[in-house]
Amino acid sequence: MTNNKSDITIAIFLLCFSGVMINDASNIRDLGFEGMKADAWPRVVLWLLVLMSSVMLGKSYLKFKTVSDKDNENFSINLAKFKNALICFGMFMLFLSTLDYLGMLIGGILFVFGLLSLLGGFSHKLLVKHLLVSILSIGFMWMVFTFGLRVILPEGEILRVW
Amino acid sequence: MFDVILQAGASVLLDPVTLGLMGIGTLAGLLAGAIPGFTIAMGVILTLPFTFGMSPIQGLATMMGVFVGGFSGGLMSCMLTGIPGTPSSVATTFDGFPMVRSGKPGLALGLGLWSSFFGGMISAVILVALAPQLAFLGLEFGPWDYFSLIVFALTITVSLSGDNMIKGLIAGLLGLFAACVGEDEINGVARFAFGSDHIRQGFAFLPVLIGLFAFSQLLSDVEDSAKAKAPLMKNSAEAIRVEHRKAIATVLMNWINLIRSSFIGIFTGILPAAGGSISNILAYDQAKKASNNRNEFGKGAVNGIIAPEAANNATAGGALIMMMALGIPGDIVTAIMIGALMIHNIIPGPSFIQDEPLLAYGVFIAFFAAHFFMVGLQAFALRLFLLVTRIPMYILASVILAYCAIGVFALHNITFDIWVMFGFGVIGYFMRKLGFPLAPMILGVVLGKLAELNIARAIGISDDYSLFVTRPWSLFFLIMAIVSVLFPFYQNAKKDTLFTKMYVPISMILLSLPLFLMGSPVRMVVGGILLSAGCYFIYKRSSILKTI
């Protein structure tokens, strides 16, 4: 996925990120004590990040100028390539957003079942397999953590009502 | 001392629960190491949540099992299918797979298994002997020296991280920055919290690690739909009876290779961030160079299996030496181990072995014992491995993603930690795709707070910044940092340039300077040897200098 164009984009993004954070570093309170201030170390790190990002930008730009236009055009973000990763991101976000309502047990089973079906397919046979895998795996983990390790996993509104 | 070792031994070896947990850990490690797409670090990360409720010694013994098992697990897949289970078993494939194909699978597996065992044992002896001595040395360190040591650890990670050093440096800096977020250690002032109470507490170490490493790895594993749906291994393999006696005899007959490779592994492990992925190839290369039958290599040579397997297990001992003695991770796995210790309110460092002798020697004994478990469980692990490889990756990945969420939640019982894991998982995934190495970032996260704390202490004690270069140990580590930064240029430069000819001798001469400043007779002798060797190399190459 990497080429000069992507490196230039990333370097610019990193420069913007560092800029925002350096700006926010001025909001760090100074308690007036002797010694190193709370904002000193992050500032050093961020300025080094600015320096490295600038070097990366410069190097990528120089390469971009010397490499033929055809080679540079070869870079394109192929979303289809990231389909599965995007599905995982989406499902995980949904799982986390609904965790307070569904709880870890129901939410976890639904997350695994949904993800398995989206990644593996929706045939009847597969759906049954995915349902079994999700119930058994999450059920087992839930039991190990709840009863074995005494961790109070999020119960969720639904189970709480019951 | 002997009492402490006995007590530590009893706490590990006479407690059936600890032994059982270590056995389970070793089995998990063997499987994690064997499955392509999984790594030892991932195995340790996934085991970690189970250890929260355990006592420190039980938790560490379990993870020691995963650590040792993981290094040996890789040989199963690389020998039986030709696909290395972990990067630390890449070189084993070169001769292990051909030996299996030539009809000697039992011997090949036996050689790998027993080389791993003996390599691990040698490194365990060195660990017990060297770690306490190195810790005593560490007690000499002031904050200036510690800060410079951390700088060295980060630069060597960057220099070993591949072709693009700038990306490695950026990754390391991002890791250091992530460690800055939240209340600072010295003044308790909130930084970069953007009004969020959760962020004010800072990012917990484990969600960041699990996100960066495990979460992003799982997403990469399911990227290709066709591969994700297919069983993990297409090449079918069968359970094999390991030829133990013949293998032990063969390994011991090649003892020179065994010892040389083990020491290569130990040395590589001691270097911060240089792990088994490097040592196994280095050891293989040296075994090939030293062999009278170089043509046999690549066709199933016995020494081609002994060298990488002895080296990769010995690396574990080397990495533990640094972790136990100085609190600096020898590789990603020991970085995670440091996180695990911190969960149990134990901060490894030079005083760790003195302050917590039972725990420290317990870890040493667990490291020894895990090797016996590894040998005993290999046959069972092989059968389990053959079962697991029938499962498609998308099923494993989906279940493990959910498990990651449960495990991370168990750390502090807050949902925010899962969000942190998710956030860093996304960052880690895109960093992988954009060619940024993750190891420097992980080390940055682990060492960030320690670096800040030490520089703050140094400035608090004295505002004389020259102490960073006038204190011998600090100067030594800073020179080492410069040498490691220049190392990739040395590797890539043409052979006959002035730089390549002078890089090693000048490094030696420079490193002798702080050794002389230390004043102790032994160190001055070492410094003298380095200086003499450096001058000798310069003299030898002076003829080349003249031509240039």
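A: In chain A, residues 24 or more positions apart account for 68% of the contacts with a separation of 6 or more, where contact means heavy atoms within 4.5 Å. This is a predicted model, in which local features need pLDDT of at least 70 and side-chain atom pairs count only at pLDDT 80 or more, while totals for chains, interfaces and linings use all residues. Residues are numbered from 1 along each chain as its sequence is written, chains are lettered from A and ligands numbered from 1 in the order in which they are written, and side-chain values use heavy atoms, with hydrogens and water left out.

Chain A has seven helices and zero strands, these being DSSP runs numbered from the N terminus (helices: H or I, at least four residues; strands: E, at least two). Of its 162 residues, 41% count as buried, that is, under 20% relative accessible area with a 1.4 Å probe and protein chains only.

Ser134(A) counts as buried because its relative accessibility is 0%. Its side chain reaches the backbone oxygen of Leu131(A) at 2.9 Å. Once neighbours within four places in sequence are left aside, Ser134(A) is in contact with Ile109(A), Val112(A), Phe113(A) and Gly139(A).

The contact takes 57 residues from chain B and 61 residues from chain A. Between the two chains the count is one salt bridge, a term that requires a side-chain nitrogen of Lys or Arg within 4 Å of a carboxyl oxygen of Asp or Glu, and the side chains of Asp7(A) and Lys167(B) meet in a salt bridge at 3.0 Å, N to O. Several helices of chain B, among them α8 (165-180) and α19 (393-412), each supply at least two residues of the side that touches chain A, and α19(B) gives the most to that side, with twelve residues.

Note on methods: Buried means under 20% relative accessible area, exposed over 50%, partly exposed in between (1.4 Å probe, protein chains only). A polar contact is a pair of N or O atoms within 3.5 Å; within protein, one must be able to donate a hydrogen and the other to accept it, and residues adjacent in sequence count only if both atoms are side-chain atoms.
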